[in-house]
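Thanks for coming, everyone. Let me put the structure up, and then we'll walk through a few local features and some packing.

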Amino acid sequence: MKKKVKKLLIVQFLIVAVYLAFVFLGGGSASGRLDIPLDKWYSNYAEFREDHWFIPADNGLNRSVTFLHGPIVEVEKGDYTATICYEADSDQSCQPYVYKTNKGYVKSSPVILDKNANIVSFDFQITEDIDNFELTFWYNGKGDFSVSGISIDRNNNDLKRSIVYLGLILLLINLVFYYRISSEERKRYLLAMAGIWFVSSIPVFYTGLDGHDLVFHLTRIEGIARELNYGNFPARISSVWMAEHGYPVSIFYGDVLLYIPAALRLFGFTIDQAYKGFVLIMNALGVVIAQKCFEAIFKKRNLSLLLTLVYATASYRLVDVYIRTAVGEYCSLIFLPLIALAAYNIYSEGKNDTIKKNLMNATILAVGMSGILTAHTLSAEMTAFALLLVCIAYFKKTFTFQTIKTYVIAVIETLILCAGYLVPFVDYYLNVPVQITDTVNGEAARTIQEKGANIGDFFAFFSDPFGDWYTALFNPGPVLMLALAAGIALWAMKKASKEIKAMVVLAGVTLFMATNVFPWNALAHDFKVFDLLAQVQFPWRYVGIAIIFLTILLGFVIEQIDVTEYLRISKSAVIGICAVISIGMTFLFTGYYADNLERNVYYDTANMGTWGVMGEEYLRSNTHIENLDGKIHIDGGTEYAEGITRTGCEMDVACKTGAEEGTVILPVINYKGYQVTDDAGNQYEITDSEEDLISVTLPAGFEGNIYLRFVEPAYWTISFGISVIAAFILLVLSIIYGWKAKRAVLKDKIKIES
């Protein structure tokens, strides 16, 4: 074994050495700027005057035309960043392009020239040396449009990506090595896990992206990447939104996991690549967690692998990941098996006899809840309610000292682990008037019943999964619904165990809550708890909770019932049949996905715009995005206010007032944490403009610069530090515990063999 490990290390060393030699001896990524004078470009509809190309609104076109293009030049293979300076009364567009041939060698999509901005930078890639590159601008026929500056520079994205590729190669080599030295049983296990991951990930390998919430979540990722690039960690106000007006989505919406695709963006990957890499990683994480949890519950590897496959390919989960692209929700589903394992341990006989077991169960529960809470607050709310149902179902065991102690410890651990998210969230929720608080306190959330799933949806296994908020594929899938039917049948025959009965009830209740038959409206009006639960917006979200109960039910049915008493087949055959059905349904889903996928390809933020704020939940209450123009406005005695530099939502502005005090309104939405100071360090009070933008009143006779900065409160920083330290300690302890557990197993194995 030592010789094999030595060879592995030598191979990896040689790969790294070759890579470094290739990078440094080859000169790495080329750099430089394409020398393309602006007056050398071409236009049939505009004229070059005063160092810019201009087309007036009264041009008589009233149609879309190619406003500007060129010049056709030679460009080397590599990654580039284009920066465009422009003025536009209406959104226009442009795109890197090639003339007639070599079209496949330019990787880019149409770029939006936002009317509320005057500069845009975007990346694109040239995959081979070409001699006919051009940049094409389109005019939509509306308003004035001028282009005053174009620069195209080489960047080092290709070098940064190669670092990740090197890491992946080394990881693959280690996995292959681990596979080769594993036992035959271990090899079969690893292949099964890889197969489940691949089957649940097939749609990722199609060109393009599609999904209901896709642009919203991609912009969240872009916002985090942008703030990290500016040195703002953790990301609080994401400046990328609404042409840099800023949006506190990272405060209201947990985004810990989204730092993964954001990091991939910083390593030079396109938006498409970063998001697809994220889905692959989340699918892998979900498969590993689910299998480990199900094996811990049922103590049978083959059964745990089946349950993992069924859970990972449940119809609702596939819709969540690939049709709705509900990132927060499908990330939450990853951690539900941890909740199931903790609850199983808590309510199983003999599991809570020691302090060590109490702490272990509490920690498992806390990690699961922390993962859900920092991914999707609404899913955390639904999970908490599901746990309440479990507590009621096992009320005799719930009201014991050991169980209550475990839950109290879990709550404390969850609060500590999530403090870095919860403290800013609660602070904003209580102190910053935003539209989501208006919704929570209003009537809209109390009328969600008609948005629930139809009962028939639970049996429409073969319907087209592509649909809107009311017609998508809202069912757990045939295997899980058959498990529910089997559980009900066994109960009717008085052969169901107490575990089967409990899972039938819990799955039935959550499925009922997901329908438009459940009396959501009446209950929300009459009971505060249901008013709170109605914030989920769409009752069919409870299908996600139901599938974990149904998966556990399937495990109990297969484990506890003698199948041969009812069917002339073995349990192994039942497991195989369920696996085939799950895989077959996934292939059917993939076929629908291939036929209906709208193949959007996003390389950069500028390809999709930054105004996809969905329901505008986190906007200030009086902000209307249609009135935001991205400009500095002045009032009163202010003579001028001109931007000097800008980094996201942070600005340096040169100002002057006359004999009277004056007001400066900055194009940044006013959220708690902003400060405005001058050259002398004096801090000025910030007030809301009519559109809730940052408004500052300067004294008469002021002349100098003012500086807008976001400074988070000290208690935010402290709470974040507490969470990081707690997570680190927990990680170290889990590694130590895992090492000791493996060592104990190895000792037992040696004793048996001797």
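Pro 71 sits in the loop between β3 (65–68) and β4 (73–75). Helices here are DSSP runs of H or I with at least four residues, strands are runs of E with at least two, and both are numbered from the N terminus. The bond between Gly 70 and Pro 71 is a cis peptide bond, with omega about -25°.

A word on the source. This is a predicted model: local features need pLDDT of at least 70, side-chain atom pairs count only at pLDDT 80 or more, and totals for chains, interfaces and linings use all residues. Residues are numbered from 1 along each chain as its sequence is written, and side-chain values use heavy atoms, with hydrogens and water left out.

Back to cis bonds. Phe 233 and Pro 234 are also joined by a cis peptide bond, with omega about -5°. Pro 234 lies in the loop between α4 (214–229) and α5 (249–252).

Stay in that loop. Ala 243 is there, and its phi is positive, near 55°. Glu 244 is in the loop between α4 and α5 as well, with a positive phi of about 70°. Why look at these spots? Most residues other than glycine have a negative phi, and most peptide bonds are trans.

Is Ala 243 buried or exposed? Ala 243 is buried, at a relative accessible area of 15%. Glu 244 is partly exposed, at 22%. The cut-offs: buried is under 20% relative accessible area, exposed is over 50%, and partly exposed is in between, using a 1.4 Å probe and protein chains only.

Now the sheet. Six strands form an open antiparallel sheet, in the order β1-β2-β11-β5-β9-β7. Two strands pair if DSSP finds at least two bridges between them. At the edges are β1 (47–49) and β7 (106–107), each pairing on one side only. Strand β5 (residues 78–88) pairs with β11 (residues 145–154) over nine bridges, in the antiparallel sense. Within that pair, Ile 84 has Ile 150 of β11 as its bridge partner. Helix α2 (residues 157–181) packs on the sheet and touches β5, β9 (119–126) and β11. Contact means heavy atoms within 4.5 Å. The direction of α2 makes about 130° with that of β5.

Next, helix pairs. Axes are lines fitted to C-alpha atoms, for helices over the stretch in contact, and angles run from 0 to 180 degrees between N-to-C directions.

The axes of α18 (residues 498–513) and α21 (residues 542–560) come within 8 Å and cross at roughly 160°. That makes the two helices roughly antiparallel, which requires an angle over 145 degrees. Residues in this contact include Met 503 and Leu 511 of α18, and Phe 549 and Phe 556 of α21. By class, the contact of α18 with α21 has 16 nonpolar, two polar and one charged residues. Nonpolar covers Ala, Val, Leu, Ile, Met, Phe, Trp, Tyr, Cys and Pro; charged covers Asp, Glu, Lys and Arg; the others, Gly among them, are polar.

Last pair. The axes of α9 (residues 315–323) and α22 (residues 571–596) come within 11 Å and cross at roughly 30°. So α9 is roughly parallel to α22, the term for angles under 35 degrees. Leu 318, Val 319, Tyr 322 and Ile 323 of α9 meet Thr 586, Phe 589 and Tyr 593 of α22. That contact has six nonpolar, one polar and no charged residues.

Methods:
Angles under 35 degrees count as roughly parallel, over 145 as roughly antiparallel, 65 to 115 as roughly perpendicular and the rest as oblique.
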